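Visitor: I am new to this structure and should be grateful for a guided account of it. May I put some questions to you?

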Amino acid sequence: MNGTASNVLFILSDEHTRDVAGCYGHKIVKTPHLDALATRGTKFTAAYTNCPICVPARASLHTGTYVAENACWDNAHPYDGSMRSWAHRLKAAGHHTMSIGKLHFRAQSDDNGFVEEIIPLHVVDGEGDLLGLIRRPKAAKRGGMPDLAKAAGPGESTYAAYDRNIRDGAIEWLTNHAARQSKPWCLFVSFVKPHFPLIAPPEFYAMYPPETLPMPRLAGPDDYPKHPSVAALRACMNYDDFFTPEKVRVALAAYFGMVSFLDDNIGRVLAALQSAGLGDSTRVVYSSDHGDNLGTRHMWGKSIHYEEAAAVPMIVAGPGVPAGKTCATPVTLVDVYPTIVESVGLAPDALELKLPGKSLVAIATEAYDPQRVALGEYHAAGSITAMYMVRKGRWKYIHHVGYRAELFDLESDPGETTDLGESPAHRETLAAMEAELRERLDPEAVNARAFADQEAKIARFGGVDALVKRGDFGYSPAPGQKPVFATRIEA
């Protein structure tokens, strides 16, 4: 290994909303291992997913491209290995690239770039969530909405068992194989918690007595989403209709418990890295594919561009990374690609120089950049139109094709309670933020492409009626588990 290169241990979780961690200021949730990682590295406070749903977010993370470019629009258009990923790039240069856990690509039989895929979770039947393709004239309602509240509480789940297997696989590789590599390696450890079902191992659930927990923000009778496209998405993803106040607190206790369970697993993996003598030669990156609404605005799950679903934790530590720093420059999952390539000692090639991302290590070492833009898109289940997010400086702009835009001042209104999109005093800001979006893509053209691809796939599978009859599954099953389809659906 040369003096400037390092190994990379990249740990990803699923559906970990940024603010549910001690190092991000949460007053209740206990995450000592993530807190310690942030203390010895750099914590990004304006990190975002490029799409607040699993499959497109992971495609952007692996290819370093926006959804508009990779066309992984939704959970039924999975990454198939045809676009180069950072794993392909490293493997071609002779670096060992290994994944353990959830990938959510099309299939293990595709060349996804990894030398090895250990216990991977890919989309169901290589196709994924076909019901989510139905978006117009209105989105198809989901069949399993009551199950989220019904299942919430303490207990064991296939996801918890899967995460323990992922943890143990990572520990085994770090202990017995990592030090033998002749070049810097990249180990991708992809946990599935705290993704629902909201079932926490009992010892972690017990850390958060439900009766002691506050209700979510914006959970009053006047706090339902008012924007028409967001309201339509909530009507499709109507989990909240099945929650009582008591069950909300149980669900929060379960989610908080799952986050602490995740943190415990991360701590064990990081301890194995240190025990193998590789702590000083390895950069550690932690992030999540998206967040979770957790009852805010009467919404659960993800799928929107408000902070609770779109903002993700992002922590980087290791050689060359400033310690104890908080970085407010906006970053997204596409910045992971150049981070990994740079970390192992590779210079960017012509293709990589055209990618939108930048090394997180470089961003961490620089001063705050008020001009940097974070871009997000959503073209997936529940949406009746494309929704785009632009974060720049203090401003968050959300563009809904065919509908009015939203604008939030995150400096004075971090909870996004006041939409300034129709404020005469903010017309110039609104126009400037729209210009930032249009500089990067054509929102109407991309929207049309997404709908066309989705409707072509609907036709290929027999049309709307056939997909409604097939039903949907609440979440992708862990390896060895069969998907459970629900059919309580309205087209």
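Visitor: What distance should the 18 residues of helix α15 span, and how far apart are its end C-alpha atoms?

Guide: The model is a predicted one. Helix α15 covers residues 443-460, and at 1.5 Å a residue its 18 residues should span 26 Å. The distance between its end C-alpha atoms agrees with that expectation, being 26 Å.

Visitor: Which residues of α15 are buried, and how wide an arc do they cover around the axis?

Guide: Buried here means a relative accessible area under 20%. Pro443, Val446, Asn447, Ala450, Phe451, Gln454, Lys457 and Ile458 are the buried residues of α15. They lie on the same side of α15, because the arc they cover around the axis is only 135 degrees.

Visitor: Which exposed residues does α15 carry on the face turned away from its buried side?

Guide: The buried residues of α15 are covered by elements that include α3, β13, β14, β15, α14 and α16. On the face turned away from that buried side, the exposed residues are Ala459 and Arg460.

Visitor: What reaches the backbone nitrogen of glutamate 444 at the start of α15, and which residue with a positive phi follows the helix?

Guide: At the start of α15, a side-chain oxygen of aspartate 442 comes to within 3.2 Å of the backbone nitrogen of glutamate 444. After α15 comes a residue whose phi is positive, near 100 degrees: glycine 462.

Visitor: Are the helices α6 and α9 roughly parallel or roughly antiparallel to each other?

Guide: Two packed helices are described by the distance between their axes and the angle between them. The axes of α6 (residues 158-176) and α9 (residues 245-275) come within 8 Å and cross at roughly 10 degrees. Residues of α6, including Arg164, Ile171 and Leu174, meet residues of α9, among them Phe261, Arg268 and Val269. Angles under 35 degrees count as roughly parallel, and α6 and α9 are therefore roughly parallel.

Visitor: Where does proline 137 lie, and which residue does a cis peptide bond join to it?

Guide: Proline 137 is in the loop between β5 and α5. With omega at about 10 degrees, the cis peptide bond joins proline 137 to arginine 136.

Visitor: In which loop is proline 194 found, and what is omega for the peptide bond from lysine 193 to proline 194?

Guide: The loop that contains proline 194 runs between β7 and β8. The peptide bond from lysine 193 to proline 194 is cis, and its omega is near 5 degrees.

Visitor: Is glutamate 416 buried or exposed?

Guide: Glutamate 416 is in the loop between β16 and α14, and its phi is positive, near 55 degrees, although the residue is not a glycine. Residues that it touches include Arg297, His305, Tyr306, Lys396 and Phe408. Because its relative accessible area is 3%, glutamate 416 is buried.

Visitor: How does alanine 71 count at 22% relative accessibility?

Guide: Alanine 71 is in the loop between α3 and α4. Its phi is positive, about 60 degrees, although alanine 71 is not a glycine. Partly exposed applies between the buried limit of 20% and the exposed limit of 50%, so at 22% relative accessibility alanine 71 counts as partly exposed.

Visitor: How many of the eight residues of helix α11 are buried?

Guide: Helix α11, residues 336-343, is mostly covered. Its buried residues are Val336, Tyr337, Pro338, Thr339, Ile340, Val341 and Ser343. Of the eight residues of α11, the number buried is seven.

Notes: Residues numbered from 1 in each chain as written. Predicted model: local features only at pLDDT ≥ 70, side-chain atom pairs only at ≥ 80, totals over all residues. Heavy atoms only, no water. Helix = DSSP H or I, 4+ residues; strand = E, 2+ residues; numbered from the N terminus. Expected span 1.5 Å × (residues − 1). Buried < 20%, exposed > 50% of the residue type's maximum accessible area, 1.4 Å probe, protein only. Arc of directions from axis to C-beta. Contact = heavy atoms within 4.5 Å. Polar contact = N/O pair within 3.5 Å; in protein donor to acceptor, adjacent residues only side chain to side chain. Axes fitted to C-alpha atoms, helices over the stretch in contact; angles between N-to-C directions. Parallel < 35°, antiparallel > 145°, perpendicular 65-115°, else oblique. Lists of a residue's contacts leave out its neighbours within four places in sequence.
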